[in-house]
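Here are my notes for you on this one. Keep the picture open while you read, and look for each residue as it comes up.

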Amino acid sequence: MSTIAGNLQAVEATIQVACEAAARPRSTVQLLAVSKTFPAEAVLEAAACGQRAFGENYLQEGVDKIAAVAKALPDTPLEWHFIGPIQSNKTRPIATHFDWVHTVERLKIAQRLSEQRPPERGPLNICLQVNISGEATKSGVHPSELLALAREVAKLPNLRLRGLMAIPEAEDDPALQRMPFARLRALAQDIVKDGIFVDTLSMGMSGDMRAAILEGASIVRVGSAIFGARHYE
Ligand SMILES: *Cc1c(COP(=O)(O)O)cnc(C)c1O
């Protein structure tokens with residue numbers, strides 16, 4: 001068995017154990033395989049094991065990989081999620097080539113994605129990135145501004161607001177890992193109470209997916225536990 005196949009089995013086992021501990025059906029958690037920095041061949045290997053959803057952070061790398069994989073697997077529909085920082089002048093290729101965007105933090109970006117979404121592709125699925133750990137990272141909308149942003153994004157015609165995403169500060173203690181995830185879940189509940197439909201919590205990575213699932217994650221974004229350590233150029 002290849003390394004990626006074995007890693008996928010191990011990640012699947014971790015997800016199953018966490019779902020059992022949380023008394024959640026396995027079907028309520030989607031595994032997003034984060035393939036950034038890895039070649040199209042790695043995606044093909046994971047796809048051969050049945051993995052269908054992939055996440056990319058860097059636009060050009062992602063667009064090239066989507067094309068290469070589509071050429072190699074013309075009959076296998078895959079789902080591509082953009083999970084990297086978004087520059088406002090680079091929204092068109094994101095709106096064109098991806099099925100989901102997890103990193104919307106400003107209305108202007110959402111408006112551009114909506115305007116630029118090709119109609120034949122249907123609505124683009126959106127998660128709002130929330131700055132859940134405060135000062136540690138500057139990415140994401142501040143929790144106090146989240147509801148106002150959600151109300152506006154929910155109105156945009158070619159987007160479908162699905163939920164919230166967060167990247168908490170790295171933390172080794174499993175009990176402490178759960179706290180920011182619990183906060184994100186509470187913020188999503190506030191949005192639902194406001195009458196806005198959301199069904200997605202994109203939270204948890206290789207090091208904290210169990211804690212995220214215990215707090216209600218519906219998408220875990222897992223890179224190194226599947227593809228190995230990343231080496232940046
Ligand atoms: C790289 C990345 C991941 C995957 O991280 P791992 O620790 O390798 O699992 C998940 N989410 C985002 C936003 C990332 O940039």
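**Notes on the pockets and the ligand**

1. The lining of the largest pocket is made up of eight nonpolar, six polar and seven charged residues. Bear in mind that you are looking at a predicted model.

2. How big is that space? The largest pocket has a volume of about 320 Å³. It is lined by 21 residues, and Ile-167, Met-205, Ser-206, Asp-208 and Arg-230 are the closest to its centre.

3. Now for the ligand: where does it sit? You'll find the ligand in the largest pocket. There are 13 residues around the ligand, and the ones that come nearest are Lys-36, Asn-57, Ser-206, Ser-224 and Arg-230. Sorted by class, this shell has six nonpolar, four polar and three charged residues.

4. Ser-206 has a polar side-chain atom 2.5 Å from an oxygen atom of the ligand. For Arg-221, a polar side-chain atom lies 2.9 Å from a nitrogen atom of the ligand. Ser-224 uses its backbone instead: a polar backbone atom there is 2.8 Å from a ligand oxygen atom. As for cover, the ligand on its own has 390 Å² of accessible area, and the protein covers 89% of this.

5. On to the second largest pocket, which holds about 160 Å³ of space. Its lining includes Ile-83, Gly-84, Pro-85 and Ile-86, then Thr-103, Val-104, Glu-105 and Arg-106. Ile-109, Gln-129, Ser-139 and Ile-167 line this pocket too. By class, that lining has six nonpolar, four polar and two charged residues.

6. How many cavities of 30 Å³ or more does the structure hold? There is one, and the largest cavity has a volume of about 30 Å³. Around it you'll see Pro-168, Glu-169, Ala-170, Glu-171, Gln-177, Pro-180, Phe-181 and Asp-208. This lining splits into four nonpolar, one polar and three charged residues.

Terms used: Residues numbered from 1 in each chain as written. Predicted model: local features only at pLDDT ≥ 70, side-chain atom pairs only at ≥ 80, totals over all residues. Heavy atoms only, no water. Near = heavy atom within 4 Å. Polar contact = N/O pair within 3.5 Å; in protein donor to acceptor, adjacent residues only side chain to side chain. Areas by Shrake-Rupley, 256 points an atom, 1.4 Å probe, with all protein chains shown as cover. 1 Å grid on protein atoms, 1.4 Å probe; cavity = no way out; pocket = protein on both sides within 12 Å on 5 of 7 lines; lining within 4 Å. Sits in = over half its atoms within 2 Å of the grid points. Nonpolar A, V, L, I, M, F, W, Y, C, P; charged D, E, K, R; others polar. Points joined across faces, edges and corners; volume = space filled by probe spheres on them.
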